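Trainee: May we go through this model together? I would like to begin with the aromatic residues.

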Amino acid sequence: MITIDDFKYVLTLWKEYKIPNMIERDMHIDLETDKIIAIAGSRRTGKTYIMFQYITELLKKVHPCR
């Protein structure tokens with residue numbers, strides 16, 4: 001069972017994690033939708049880096065946790 005301490009641990013890891021430099025992809029995902037978003041594709045096609053791109057965008061919109 002997942003506990004609050006598990007979430008705290010993951011958030012601590014993300015706070016320390018540096019998102020790698022990347023080439024921005026010309027792709028738009030509507031993050032304001034109420035629907036579930038899935039990114040599917042072949043291996044090694046950039047799915048993770050698309051997520052890094054959106055994480056970077058979202059981090060620019062919020063104040064970092066202290």
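This is a predicted model: local features need pLDDT of at least 70, side-chain atom pairs count only at pLDDT 80 or more; totals for chains, interfaces and linings use all residues.

Trainee: How many aromatic pairs does the structure hold?

Mentor: There are two aromatic pairs. One of them joins tyrosine 49 and phenylalanine 52 in an edge-to-face arrangement, with 5.3 Å centre to centre and 90° between the planes.

Trainee: Is phenylalanine 52 buried or exposed?

Mentor: Phenylalanine 52 is buried, because its relative accessible area of 10% falls under the 20% limit. Tyrosine 49 is partly exposed, at 34%.

Trainee: Let us change topic. What is the span of helix α1?

Mentor: Helix α1 covers residues 4-16, and its 13 residues reach 19 Å from the first C-alpha to the last. That is close to the 18 Å expected at 1.5 Å a residue.

Trainee: And how many of the 13 residues in α1 are buried?

Mentor: The count is zero, and α1 is hardly covered. Tyrosine 9, which is found in helix α1, is exposed, with a relative accessible area of 54%.

Trainee: Which residues form the nonpolar patch on the surface?

Mentor: The patch consists of Tyr9, Val10, Leu13, Trp14 and Tyr17, with about 520 Å² of accessible area together.

Definitions and conventions
Residues are numbered from 1 along each chain as its sequence is written. Side-chain values use heavy atoms; hydrogens and water are left out. Helices (H or I, at least four residues) and strands (E, at least two) are DSSP runs, numbered from the N terminus. The expected span of a helix is 1.5 Å times one less than its number of residues. Buried means under 20% relative accessible area, exposed over 50%, partly exposed in between (1.4 Å probe, protein chains only). Patches are made of residues with over 30% relative accessible area and no salt bridge: like charges are joined within 9 Å, nonpolar side chains (Val, Leu, Ile, Met, Phe, Trp, Tyr) within 5 Å. Accessible areas come from the Shrake-Rupley method with a 1.4 Å probe; for residues, only the protein chains shown count as cover. A salt bridge is a side-chain nitrogen of Lys or Arg within 4 Å of a carboxyl oxygen of Asp or Glu. Rings of Phe, Tyr and Trp (its six-membered ring) pair if their centres lie within 6.5 Å; planes under 30 degrees apart count as stacked, over 60 as edge-to-face and the rest as tilted.
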